[in-house]
Amino acid sequence: MSGALLEVRDLVVDFSRKRREKPGAPPARRAVDEVSFTLGENETLALVGESGSGKTTVARCVVGLQHPQEGSMTFGGTPLDVVSRRPAALKRELQMVFQDPRSSLNPRMSVRAIINEVWRTNPAIAPGRDREKALAALLDDVGLDSGVADRRPSALSGGQCQRVSIARALAMKPRLLVCDEAVSALDVSVQAQILRLLVDLKQEHGLSMLFISHDLGVVRQIADRVVVMRHGELVESGDAAQIFGAPQHEYTRNLLAAALDLSGAEA
Ligand SMILES: Nc1ncnc2c1ncn2[C@@H]1O[C@H](COP(=O)(O)OP(=O)(O)OP(=O)(O)O)[C@@H](O)[C@H]1O
Ligand SMILES: [Mg+2]
């Protein structure tokens, strides 16, 4: 597809370094096995699949933390190399939000310091003189009171910490947010609030999102399109309505049935 913001082609990540000793022995399973997908501007693409299916490994390749053995990726038409070889502007445009907001924020720094650190290390995107105003606007964007600026992560709830993580990513003025299980550690009601925030931010800032989750209930609330992975391979992909309404693959049907059982059990 031309015009895609992110294009991933035949991505392979193989963590097993051992060569096959005997001819005919089965090859070790690849963590990511020839996975291809595209993500359009202002689109939310969800990567779903059971634990160990390779979702995080794909995300780490996209943000440049993992070097794939094979395949290619482009972002806005530019080839994506590992992060150390990416131009600063490209690094800035791809930001990741992690599962555990507390451990991804420096506990010794106030929220103000956390955000200012982003601007200090990226002078090209730093707001002009009135950083306090920019900080207040950023916090407002993520639904936090400006009083939060003086607090440290330990004085904030899990949901507030995740809002700070999102603010820190937004401070970089990204085009793509990669959210890896970004709401999985939160209570269901807080999950819903953060999901709503992500949907709003996507609209307001024209963001695209690669949204990784094992929770199909969550994915259903946010995804435009869905890629289903199993054992490193892409099982099927399509519009969210099609994946949820008329899944083609038995594995997807089982995942959906398991999700339904779970929500039934919780009700
Ligand atoms: N650094 C690593 N070294 C060796 N194996 C790894 C490494 N990272 C991931 N793996 C393996 O790669 C496979 C895919 O892992 P990955 O973390 O990408 O799955 P996932 O879909 O994100 O799972 P989860 O839902 O549990 O987060 C797994 O078999 C995992 O054990
Ligand atoms: Mg993972």
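Does Thr252 count as buried or exposed?

Analyst: Quick housekeeping: this is a predicted model, so local features need pLDDT of at least 70 and side-chain atom pairs pLDDT 80 or more, while totals for chains, interfaces and linings use all residues. Residues are numbered from 1 along each chain as written, chains are lettered from A and ligands numbered from 1 in written order, and side-chain values use heavy atoms, leaving out hydrogens and water.

Thr252 counts as buried, at 3% relative accessibility (buried is under 20% relative accessible area, exposed over 50%, partly exposed in between, with a 1.4 Å probe and protein chains only). Thr252 belongs to helix α9, residues 250-266 (helices are DSSP runs of H or I, at least four residues, and strands are runs of E, at least two, numbered from the N terminus). Skip its neighbours within four places in sequence, and Thr252 still has Val228, Val235, Glu236, Ile243 and Pro247 in contact, meaning heavy atoms within 4.5 Å.

Ignoring residues up to four places away in sequence, Glu43 touches Thr38, Lys202, Leu207, Ser208, Met209, Asp224 and Arg225. As for Ala89, 46 residues from Glu43 along the chain, the two C-alpha atoms are 21 Å apart.

Now for a helix with several buried residues. In α3 those are Val111, Ile114, Ile115, Val118 and Trp119. They sit on the same side of α3, because they span an arc of only 135 degrees around the axis (taken from the directions from the helix axis to the C-beta atoms). Among what covers the buried residues of α3 are α4 (131-141) and α5.

Follow the chain into the loop between α3 and α4 and you find Asn122. Asn122 is buried, with a relative accessible area of 19%. Its side chain makes a polar contact with the side chain of Thr121 at 3.3 Å (a pair of N or O atoms within 3.5 Å; within protein, one must be able to donate a hydrogen and the other to accept it, and residues adjacent in sequence count only if both atoms are side-chain atoms).
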